[in-house]
Amino acid sequence: MTKESTLDRIFVLELVRVTEAAALAAAKLVGRGNEKDADAAAVDAMRSALNQLDMDGTVVIGEGERDEAPMLFIGEKVGTGKGVGVDIALDPLEGTTITAKAQQNSMAVIAIAEKGNLLYAPDVYMDKIAVGGGYAPGIVDLDRSPAENIAAVAKAKGVAVEDVMVCILDRPRHAELIKNVRDAGARIMLIGDGDVAGVIATSDPDNTMVDIYMGSGGAPEGVLAAAALRCIGGQIQGRLLFRNDDERGRAVRCGISDFDRKYSTEEMAKGDVIFAASGVTNGWLLDGVKTLPGGKRYSTSSVVMRSRSRTVRWVKGEHSFDRND
């Protein structure tokens, strides 16, 4: 069996089971107001599912460093250790606050690539800008002003600036960015959480209304979003942001020395990348977990994508559980 067929068999067909497990576990806590419990449930379920796969996996994008266990931490080894070596980026519950409040776009997310192909980014903030497919390379850039980036996208789409929708996380740190975007004349869709979904939304503006994603969020989510855009088309650019020496020290431990570097989509996720997600709550990309009549069966909605083939598979599942499980 070739290495390529092993990747197909394990990672394309099995990754959905991993994200399904995390989504089902988190779904039991949707709307219950407890972010930590929901996140912990998703983490435990995802770790258990990953450890059943015949692979030598290393988490390079996770929920923190080793001293922050029991989360799936950066550097953690997963899988049986018997299969091919892969790097893994994951967020067992993208949108913990969304889950706690039963709002839209919470997902369980994972990406896998051969070793060395995912940016080994520290768990710090990242400034990001992203657009969907069909644009010329470099149409947006972090070193340009919001007005310049919006005008470039509007011109390429053939629409007025006033028709461009920018997605931004609703955070106090974005007050100046929000003002600059509105001063430029564009519209803004503020989201409470879930910037992986926010970036992916740029790939389908006809349905999501989102043309550009701007603003800072977690670096792990930036790498996951880059992996998704490698599969479905689009561009993201990111630059790590550091608030103190401790965060710069994390970057050094990840092998990063240029603190001002801008990372392209391909620099964050290169080579053959596989991305999978399962919905926890309803969202732009996926439906959430639903209880079926009788209360002991649940439906899931998932997607798995591959950059090499640009294949996108939509997976609907039904699962039987005892409520006490």
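Select Asp56 first, together with the residues it touches beyond four places in sequence: Lys77, Val78, Gly81, Gly83, Val84, Gly85, Val86 and Lys115. Asp56 belongs to strand E1, which covers residues 56-61. Keep in mind while looking that this is a predicted model. Thr80 and Asp56 are 24 residues apart in sequence, and their C-alpha atoms are 6.6 Å apart in space. Is Asp56 buried or partly exposed? With a relative accessibility of 25%, Asp56 counts as partly exposed, because buried means under 20%.

Next, go to Asn149. Asn149 is part of helix H4, residues 146-157. Show the surface and look for this residue: Asn149 has a relative accessible area of 2% and is buried. Which residues surround Asn149, leaving aside those within four places in sequence? The contacts of Asn149 are Ile129, Ile139, Val140, Asp141, Arg144, Ile212 and Met214.

Now turn to the rings. A pair of aromatic rings is described by the distance of the centres and the angle of the planes. Searching the whole structure gives one aromatic pair. Select Phe242 and Phe259: the ring centres are 5.0 Å apart and the planes stand at 55°, so the pair is tilted. Where do the two residues lie? Phe242 is in the loop between strand E9 (234-241) and helix H9 (245-253), while Phe259 is in the loop between H9 and strand E10 (262-263). The pair therefore ties together parts that are 17 residues apart in sequence. Colour the two by accessibility. Phe242, at 18%, counts as buried, whereas Phe259, with a relative accessible area of 27%, is partly exposed.

The next stops concern the backbone. Most residues other than glycine have a negative phi. Select Ala102, which is not a glycine and has a positive phi near 55°. Ala102 sits in the loop between helix H3 (96-101) and strand E4 (107-114). The relative accessible area of Ala102 is 47%, and this residue is partly exposed.

Then select Met209. What is the phi of Met209? The value is positive, about 75°, although Met209 is not a glycine. Met209 is in the loop between helix H7 (205-208) and strand E8 (212-218). With a relative accessible area of 42%, Met209 is partly exposed.

Along the principal axes, the C-alpha atoms fill a box of roughly 55 × 45 × 40 Å.

Colour the protein by burial: 55% of its 325 residues count as buried. Switch to the surface, where the accessible area comes to about 13900 Å², with 47% of it belonging to carbon and sulfur atoms. If the viewer can draw contacts, consider those with a separation of 6 or more: 69% of them are accounted for by residues 24 or more positions apart.

Definitions and conventions: Residues numbered from 1 in each chain as written. Predicted model: local features only at pLDDT ≥ 70, side-chain atom pairs only at ≥ 80, totals over all residues. Heavy atoms only, no water. Buried < 20%, exposed > 50% of the residue type's maximum accessible area, 1.4 Å probe, protein only. Contact = heavy atoms within 4.5 Å. Areas by Shrake-Rupley, 256 points an atom, 1.4 Å probe, with all protein chains shown as cover. Phe/Tyr/Trp six-rings, centres within 6.5 Å; stacked < 30°, edge-to-face > 60°. Helix = DSSP H or I, 4+ residues; strand = E, 2+ residues; numbered from the N terminus.
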